[in-house]
Amino acid sequence: MTPGRVMGAVATLAIGGAAGWLCSVLHTPIPWMLGPLFSIALLRVAGARIEAPLPSRYAGQWIIGTSLGLYFTSAVVREVAGLWYLLAAGAAFAIVLGYVSGIALARLAGLDRTTGIFASVPGGAAEMATLGERFGGRVDRIAAAQSLRILIVVAVVPGAITALGIHGADLYVPGATTFDAGGFAILMGATLAGSLVFQAFAAPNAFVLGSLALAIPLTALGADLSSMPPVVSNAGQLLLGCALGSRFQPDFLRGAHRFVGAVATTVLLSIVLSTMFGAGLAWVSAQNPATLVLGNAPGGIAEMCITAKVLQLGVPLVTAFHVTRVVVLLLATPAVFARARRWYRARDRGGSP
C-alpha cells in the first residue's frame, strides 16, 4: 500500500471507531457496526478519499465467525439439527423472495430481468455479481444494489427489533465463559487456518464460514478454549462496518435516483415479506418469532448474526438459517435462473430476460 492509502485506512478506522463509540453512548442497535458503516458510507458518497483495506473486511468476518461458533454447544447442535425443516423452508423462501423482488426491481428501475434478479437474491454481494455477470447482467448495478440492500436491512431490522423492546428472549450462551490467553490464541489460530483454507478454495464468505467450520466442532466437542473478549468482538464489528461503508462510491447517487429509489422500495418489500414469513414459521413451529424473523431477514450472514448476538436472539438458530441460505442460494441460483430464463424466453418468443 502507498503511504496515502495507509493514511486513508488509518483515518477510516479512526472515524469508524469514533462513530462506533458515539453510537454505543447513544445506545443504538449494534453500535460498533452501524456507526462505522453509516459514517464511512456518507463520507465516501460525499467524496472523501478514505477506505478500509480489504484485509479489514476479512479480519472482521474472521472474528465474528469465531464468536458465533462459540454458541454451538453439543446441546445446541442437537436442537438446531432437529429444526432442519425450518432451515430448508427458509432457504426455499429466499429463492422465491429473490425472484419476486428482482422482477419488481427490474420493472421499477427499468433494468433487464437478469440484472434485477441477481441484484435482489439475498446471497453474498460479490458472489451474486459474479453469477450475474456469467448470465449477462450488469455487474455495477448488481454490486450497488446488493450493497444498498445490506445497508438498508442493517439500518431497519435491528432498529425495529430494538424499538419493539425485544431483547434476550432466547437464553443461548457461549460454551466458554472465561477468557484464557493461551486458549484464545489457539482458538483464533485454528479459525484463521479454517478461513484461509476456505479462501483458498474460493468459498463464499470464506472468513465467516471457515471460522464457523472450526469453531462449531470445537465448541460442540467441549473444547472450551476461551471466551471472546467484548473488545475483540467490538473490533470485529468495527472492521466489518468500515469495510461495508467503503463499498460506496462518490458517484453512487449521481444520475441514479430512479435506481436507488427502486432498490430501496424492493428491499423494504423484501423485509416485509420475510418478516411475515418468519412470523408464520414461528406460529407453526412454536419458536421465538423475533429469532425466526431475524433468521429470514434478507441481510448478510455476518450482519444479521451479529445482530442476533448483540440482542441475544437465538444466535445458533439465526446463524444456521443464514449459513443454510447462503449455501443453497449459491448452489441453486444458477440452475434455477437458467430454467427460469428458458421459460421467459419461451413465453416472450425469443426475448431475453
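Helix α14 (residues 301-311) is mostly covered, with nine of its eleven residues buried, where buried stands for under 20% relative accessible area, exposed for over 50% and partly exposed for what lies in between (1.4 Å probe, protein chains only). The model is predicted, so that local features need pLDDT of at least 70 and side-chain atom pairs count only at pLDDT 80 or more, while totals for chains, interfaces and linings use all residues. Residues are numbered from 1 along each chain as its sequence is written, and side-chain values use heavy atoms, with hydrogens and water left out. Helices are DSSP runs (H or I, at least four residues), numbered from the N terminus.

**Helix α14 and positive phi values**

- The buried residues of α14 are Ile301, Ala302, Glu303, Met304, Cys305, Ile306, Thr307, Ala308 and Leu311.
- Gln312 follows α14 and has a positive phi, near 55°.
- Most residues other than glycine have a negative phi.
- Ala286 is not a glycine, yet its phi is positive at about 60°, and this residue is found in the loop between α12 and α13 (289-296).
- Ala286 counts as exposed because its relative accessibility is 69%.

**Helix α1 and its surface**

- Trp21, Leu22, Val25 and Leu26 make a nonpolar surface patch of about 430 Å²; patches consist of residues with over 30% relative accessible area and no salt bridge, with like charges joined within 9 Å and nonpolar side chains (Val, Leu, Ile, Met, Phe, Trp, Tyr) within 5 Å.
- Accessible areas come from the Shrake-Rupley method with a 1.4 Å probe, and for residues only the protein chains shown count as cover, whereas a salt bridge is a side-chain nitrogen of Lys or Arg within 4 Å of a carboxyl oxygen of Asp or Glu.
- Leu22 lies in helix α1 (residues 3-25), and its relative accessibility of 44% is why Leu22 counts as partly exposed.
- Ile15 also lies in helix α1 and, at 31% relative accessibility, counts as partly exposed.
- Ile15 and Gly35 are 20 residues apart in sequence, and their C-alpha atoms are 9.2 Å apart in space.

- Two packed helices are described by the angle between their axes and the distance between the axes; here the axes are lines fitted to C-alpha atoms, for helices over the stretch in contact, and angles run from 0 to 180 degrees between N-to-C directions.
- Helix α3 (residues 54-69) and helix α9 (residues 181-200) have axes that come within 10 Å and cross at roughly 120°, which means that α3 is oblique to α9; angles under 35 degrees count as roughly parallel, over 145 as roughly antiparallel, 65 to 115 as roughly perpendicular and the rest as oblique.
- The crossing of α3 and α9 is right-handed, and a crossing is right-handed if the near helix is turned clockwise from the far one by less than a right angle, and left-handed if anticlockwise.
- The axes of helix α5 (residues 84-109) and helix α12 (residues 257-285) come within 9 Å, crossing at roughly 155°, and α5 is therefore roughly antiparallel to α12, which α5 passes in a right-handed crossing.
- Between helix α8 (residues 139-163) and α12, the axes come within 9 Å and cross at roughly 50°, so α8 and α12 are oblique to each other, and this crossing too is right-handed.

- Gln61 is found in helix α3 and counts as buried because its relative accessibility is 6%.
- Gln61 and Leu240 are 179 residues apart in sequence and 6.7 Å apart in space, C-alpha to C-alpha.

How values were computed. Helix = DSSP H or I, 4+ residues; strand = E, 2+ residues; numbered from the N terminus.
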